[in-house]
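Could you walk me through how this protein is put together?

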Amino acid sequence: MNLKSEAKQLESGPEADVTALAAAIADASRVKMLCALMDGRAWTATELAAAADIAASTASAHLQKLVQGRLLMTVAQGRHRYFRLAGPEVAQLLESMMGLSQTLAGPLRTRTPAALREARTCYDHLAGTLAVGLYQAMIDKGWLAPDGNALTEEGLALFARLGIELNPATRRAACCPCLDWSERRFHLGGAAGAALLLYFERQGWLTRTPGYREVAVTAAGRRAMKSLFSV
């Protein structure tokens with residue numbers, strides 16, 4: 001292969017895709033927008049402009065780049081247009097990058113606010129100290145495979161007993177370990193992680209503050225977590 005053909009292959013191969021993805025993320029304002037959307041909700045351009053502390057016209061250009069980079073998707077609701085992460089894999093990428101950035105910064109000295117560190121959303125599943133504890137408890141109790149990539153028969157039976165439904169038709173992984181950026185340990189991602197968070201909310205064990213990633217654990221939730229997961 002000569003240099004010209006090799007250069008052409010690089011322009012259209014996976015290297016070019018990685019370069020384009022890195023370029024889409026490589027801006028502080030765009031990173032702020034992406035992090036704001038880690039709560040799993042859809043936000044307007046005006047809300048994202050405020051989150052990034054930039055003008056609406058500037059936000060529009062940034063959002064266009066993120067959509068073109070397939071990091072965001074748009075949702076139309078009547079006359080309004082909303083933006084959300086393109087999928088859970090984007091949230092997992094961001095969470096991993098946060099963890100890596102702190103690792104490269106040197107010894108672990110977290111400046112994460114206590115409430116955010118204890119419990120927060122990572123797109124559509126739970127993250128933070130609580131989530132890491134739940135993940136380890138599920139492994140210790142034999143409900144989750146040691147590598148975090150599947151529920152065991154006991155785990156599936158637990159979900160069925162609690163009435164937590166998993167969609168068998170989804171192409172999304174049923175389970176996956178997601179590296180928690182503040183704790184440097186894994187929490188539960190995938191369809192099971194999303195279903196568990198939804199169940200906790202429906203039971204009134206967790207409450208969310210609109211527009212923020214922090215999750216508050218109710219008194220009933222703390223009792224239930226201790227009883228069910230020993231956390």
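Predicted model: local features only at pLDDT ≥ 70, side-chain atom pairs only at ≥ 80, totals over all residues.

Residues are numbered from 1 along each chain as its sequence is written, and side-chain values use heavy atoms, with hydrogens and water left out.

**Overall make-up**

The protein has 11 helices and 9 strands; these are DSSP runs numbered from the N terminus, with helices being H or I of at least four residues and strands E of at least two. Buried residues make up 40% of its 231 residues, where buried means under 20% relative accessible area, exposed over 50% and partly exposed in between (1.4 Å probe, protein chains only). Of the contacts (heavy atoms within 4.5 Å) with a separation of 6 or more, 57% are between residues 24 or more positions apart.

**The three-stranded sheet**

An open sheet of 3 strands runs in the order β1-β3-β2 with antiparallel pairing; two strands pair if DSSP finds at least two bridges between them. β1 (43–44) and β2 are the edge strands, each pairing on one side only. The two pairings are set out below.

| Strand pair | Bridges | Opposite residues |
|---|---|---|
| β2 (72–77) and β3 (80–85) | 6 bridges | T74 and F83 |
| β1 and β3 | 2 bridges | T44 and Y82 |

In the hairpin of β2 and β3, 2 residues lie between the strands, and G78 takes a positive phi near 65°.

**Helix α3 and its surroundings**

Helix α3 (residues 28–36) packs against helix α4 (residues 45–52) at an angle of about 115°, and their axes are 8 Å apart. Here axes are lines fitted to C-alpha atoms, for helices over the stretch in contact, and angles run from 0 to 180 degrees between N-to-C directions. On the α3 side the contact is made by S29, K32, M33 and A36, and on the α4 side by L48, A51 and A52.

Leaving aside neighbours within four places in sequence, S29 is in contact with A52, I54 and H62. L34 also lies in α3, and counts as buried because its relative accessibility is 1%.

**Two nonpolar cores**

A nonpolar core is a set of buried Ala, Val, Leu, Ile, Met, Phe, Trp, Tyr and Cys residues joined through side-chain atoms within 4.5 Å. The largest has 31 residues, of which L126, M138, F200, L206 and F229 touch the most other members. Two or more residues each come from α8 (129–140), α9 (153–162), α10 (190–202), β9 (215–217) and α11 (219–229), and α8 gives the largest share, 7 residues. Apart from this core lies another, of 28 residues, among them I25, L48, C178 and W181.

Which residues does F229 contact, leaving aside neighbours within four places in sequence? They are L134, A137, M138, K141, W143, F200 and A224.
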